[in-house]
Protein chains: 2
Amino acid sequence: MKKYIGVDLGGTNIRAAIVQEDGQILSMKKSESHPDRGAEAVMETMISLIESLEGFEECEGIGMGIPGPIDTINGKIIVSTNLPKLIGFPIAEYIENHFHKPTYMDNDVKVAALGEAVLGGGKGYPIVYYVTISTGIGGALVIDKKVISGQNGHAGEIGNICIDRNRKKYNILNVGAVENEASGTAVTRKGKEVFGEDKIRHAGDVFDLARSGDEKALKIVDDMAYDLAMMFSAIAHVIDPHVFVVGGGVMKGKDVFFDKMEKYYRDMIHAGMQSVVFKQAELEEPGIVGAAMLPMTHA
Amino acid sequence: MKKYIGVDLGGTNIRAAIVQEDGQILSMKKSESHPDRGAEAVMETMISLIESLEGFEECEGIGMGIPGPIDTINGKIIVSTNLPKLIGFPIAEYIENHFHKPTYMDNDVKVAALGEAVLGGGKGYPIVYYVTISTGIGGALVIDKKVISGQNGHAGEIGNICIDRNRKKYNILNVGAVENEASGTAVTRKGKEVFGEDKIRHAGDVFDLARSGDEKALKIVDDMAYDLAMMFSAIAHVIDPHVFVVGGGVMKGKDVFFDKMEKYYRDMIHAGMQSVVFKQAELEEPGIVGAAMLPMTHA
């Protein structure tokens, strides 16, 4: 079975792994990234880390997931808050020149979506829309095992979709942006407004209250479910995917809100579109596995 | 320059043309389709029509645009109100067996979108979202010269996107479906409500009143512009296209509503997405040209 190297390059750590084409991680190691030391120092750390993995020489290629907008054609970081000294540095070229293996890089969320689409919840489906509901709400479109990033890499910025024009403006996002109304942050905010600052630490506390039958918590959850259904139905009418793969920390409350959401959603789409399915994200390490998929799906 | 045969098969007429790869129509002919006579009779009419076009033998392939949902893999009509006797008939195979040329078929709106994407307003752009604002509102996604139809052929059913949950329910579409609020039909309805049944025959009458400075007509147009901006911004956050190509009869009122729409739209999308452009549909015969593009883009 073919093997690939997947790298997760973050502001704190670099993690590298050898991943089989079926998604199994054979070995994984971690180093601190120390981005303050400059691009070449980070590159040398990454190279040492990869070379410490047994069997790295037999891998077919290298893929890297990196936060922020990525120039995937030239293999460079465009903008970064965590890795400012690496902006514009020819990362992919540097690594490819060292290992003489095809090397690709992309945004970490898109790479995780690719992992989930190809080997996780979206396995076997041609058109996958990946949605993560967490602190924020984001997504990615994967068609035939390729991430469609859009003109500016903003395909999947679905957190900014307005699901109700009669809401409050909170931040730079649109009035009624679904991220401000149905993310973990939003549920936490609504919970604090209703139950008080000290009662609610995170969205899970609201979900717990809903599980115990609290009417006010159930109302927050019902609103969230409807708002998410508005977002999912907008996506569906634009692209009609085979599957939505849904991940992110808020899915820990799946039992509380997801069936309601799906019921609202199915009322908002055409009869002929009902064959769409929802799958939960499945991979433990979608970022590392997805990064390793970059050379595999480019081949 | 290579040549292709494009066919527009409708319930009333069949039109066939020889189209150059640059989109120029070299010759076009028309017959009545008489779908009541059955599938084989319609096929023989189509064959005679194609054979009456000078130089058909030198064409590289044949493409057909047909109303309703199409099984593009097997070249059959799935559902049809205008061509019921042709449902399930192996149209593409029948034509291909006769001419011994690669033959493809797809839905007529998607085929028109392909024509506009490849040779019209979207020429040269990798990701094109085609939007038609007419009696209804529809769309199609074209990536790298291929129509992305979605799981059920419903990608582009954007008329059903809810742009305001506080509107009236009119029909099977969602409450606040943009088609019920910003199509030609919707503008006509709103005009009749405000100015009376006899004053308004179609959307153009509302646009004329707006051009003359009528406050109530300007309000209808302003609402329409905002509602359309909501729809365009939802699409943009899902796919981040390079270009929106906008066609349909309502674009005759472009001077009245389009600049307002674009201004609202640009306030609803991220700073990094502003490079998206709007182009008006350009082709006189997008359906015929797009049909001819089917064998060209499959090659």
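Two strands are said to pair if DSSP finds at least two bridges between them. Helices (H or I, at least four residues) and strands (E, at least two) are DSSP runs, numbered from the N terminus.

Good morning. The model is predicted: local features need pLDDT of at least 70, side-chain atom pairs count only at pLDDT 80 or more, and totals for chains, interfaces and linings use all residues. Residues are numbered from 1 along each chain as its sequence is written, with chains lettered from A and ligands numbered from 1 in the order in which they are written.

I begin with one strand pair. Strand β1 (residues 3–9) of chain A runs antiparallel to strand β2 (residues 13–20) of chain A, and seven bridges join them. Within this pair, L9(A) stands opposite I14(A) in β2(A).

These strands belong to an open sheet of five in chain A, with the order β3-β2-β1-β4-β7 and mixed pairing. The edges are β3 (25–32) and β7 (103–107) of chain A; each has a single partner strand, so one side of each is left without a neighbour in the sheet.

Helix α9 (residues 286–298) of chain A packs on the sheet, touching β1, β2, β3, β4 and β7 of chain A.

Now the chain as a whole. The secondary structure of chain A comprises nine helices and twelve strands. Of its 299 residues, 52% are buried, that is, with 20 or more other C-beta atoms within 10 Å of their own, C-beta atoms being placed from the backbone.

Finally, the partner chain. In chain A, 33 residues are in contact with 33 residues of chain B, contact meaning C-beta atoms, placed from the backbone, within 7 Å.

Key:
A residue is buried if 20 or more other C-beta atoms lie within 10 Å of its own, exposed if 12 or fewer, and partly exposed in between; C-beta atoms are placed from the backbone. Two residues are in contact if their C-beta atoms, placed from the backbone, lie within 7 Å. Axes are lines fitted to C-alpha atoms, for helices over the stretch in contact, and angles run from 0 to 180 degrees between N-to-C directions.
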